[in-house]
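Good morning, and thank you for coming. I shall present one structure today, and I ask you to keep it in view while I speak.

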Amino acid sequence: MEPISTLSPLLPSGIQAAYENTNDQVFFFKGNKFWMISRLQMQPGYPQPIDKLGFPTNVEKIDAAVFDKDTGKTYFFVGNQYWRYDENTRSMDEDYPRNISDDFPEIDEKIDAAFQLNGFFYFFHRSRQWEFDPKTQRVIRVMKSNSWFNC
């Protein structure tokens, strides 16, 4: 595994969240700023403040982000709430933020990281991981976070 700085020396250390959308754009978040790399090139004009994405100015950092390729929406997790961003309109959906536990039952912890694979979301908090089916809005199983490494 390579350090993130090999992708671009312009990215800061200590990235707190990242996601890739279907346009081959990768977004990196640290504090209240974000960077975009497209086709392995840092895009000009970055970093930008996260309020450019539609976050209120009191949001100081993003805990986790995950792009849902089935809906074209990106979910941003901050504390016990989340926002949903429409990649097509490049705007936050109305009626957000919402409580994580309201729409992701059984996930009652702060989310440290997230990704999507085979239609499922995987949420991580410390040493625990939840496999979540967004179609049924149910946790399928709870595992140790290191289960991906065959430890």
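The lining of the largest pocket consists of 14 nonpolar, five polar and four charged residues. In this classification Ala, Val, Leu, Ile, Met, Phe, Trp, Tyr, Cys and Pro are nonpolar, Asp, Glu, Lys and Arg are charged, and the others, Gly among them, are polar. Please note that this is a predicted model, in which local features need pLDDT of at least 70 and side-chain atom pairs count only at pLDDT 80 or more, while totals for chains, interfaces and linings use all residues. Residues are numbered from 1 along each chain as its sequence is written, and side-chain values use heavy atoms, with hydrogens and water left out.

A pocket is found on a 1 Å grid over the protein atoms alone, as an open set of points where a 1.4 Å probe fits, with protein on both sides within 12 Å along at least five of seven lines; lining residues have an atom within 4 Å of a point. The largest pocket holds about 440 Å³ of space, where a volume is the space filled by probe spheres set on the points, and grid points are joined across faces, edges and corners. Of its 23 lining residues, Ala-18, Tyr-19, Ala-65, Ala-114 and Phe-115 lie nearest the centre.

Which strand gives the largest share of this lining? It is strand 11, with five residues. Strands here are DSSP runs of E, at least two residues long, and helices are runs of H or I, at least four, numbered from the N terminus. At least two lining residues each come from strand 1, strand 2 (25-30), strand 6 and strand 11 (113-117).

The second largest pocket has a volume of about 200 Å³. Its lining has 13 residues, with Phe-27, Tyr-46, Leu-53, Tyr-85 and Arg-90 nearest the centre. Seven of the lining residues are nonpolar, three polar and three charged.

I turn now to the aromatic rings. The structure holds 25 aromatic pairs. Rings of Phe, Tyr and Trp (its six-membered ring) pair if their centres lie within 6.5 Å; planes under 30 degrees apart are stacked, over 60 edge-to-face, and the rest tilted. One of the pairs joins Tyr-19 and Phe-76, edge-to-face, at 5.7 Å centre to centre and 80 degrees between the planes. Tyr-19 belongs to strand 1 (residues 17-20) and Phe-76 to strand 7 (residues 73-78), so this pair ties together parts 57 residues apart in sequence.

Is Phe-76 buried or exposed? Phe-76 counts as buried because its relative accessibility is 0%; buried means under 20% relative accessible area, exposed over 50%, and partly exposed in between, with a 1.4 Å probe and protein chains only. Tyr-19, at 5%, is buried as well.

Phe-76 also pairs with Phe-55: the ring centres are 5.1 Å apart and the planes stand at 80 degrees, so this pair is edge-to-face. Phe-55 sits in the loop between strand 5 (48-49) and strand 6 (64-68), 21 residues from Phe-76. Phe-55 is buried, with a relative accessible area of 3%. Ring pairs link these residues into a cluster whose members include Tyr-19, Phe-55, Phe-76 and Trp-83.

Finally, the protein as a whole. There are one helix and 14 strands, and buried residues make up 42% of the 151 residues. The C-alpha atoms fill a box of roughly 40 × 40 × 25 Å along the principal axes.
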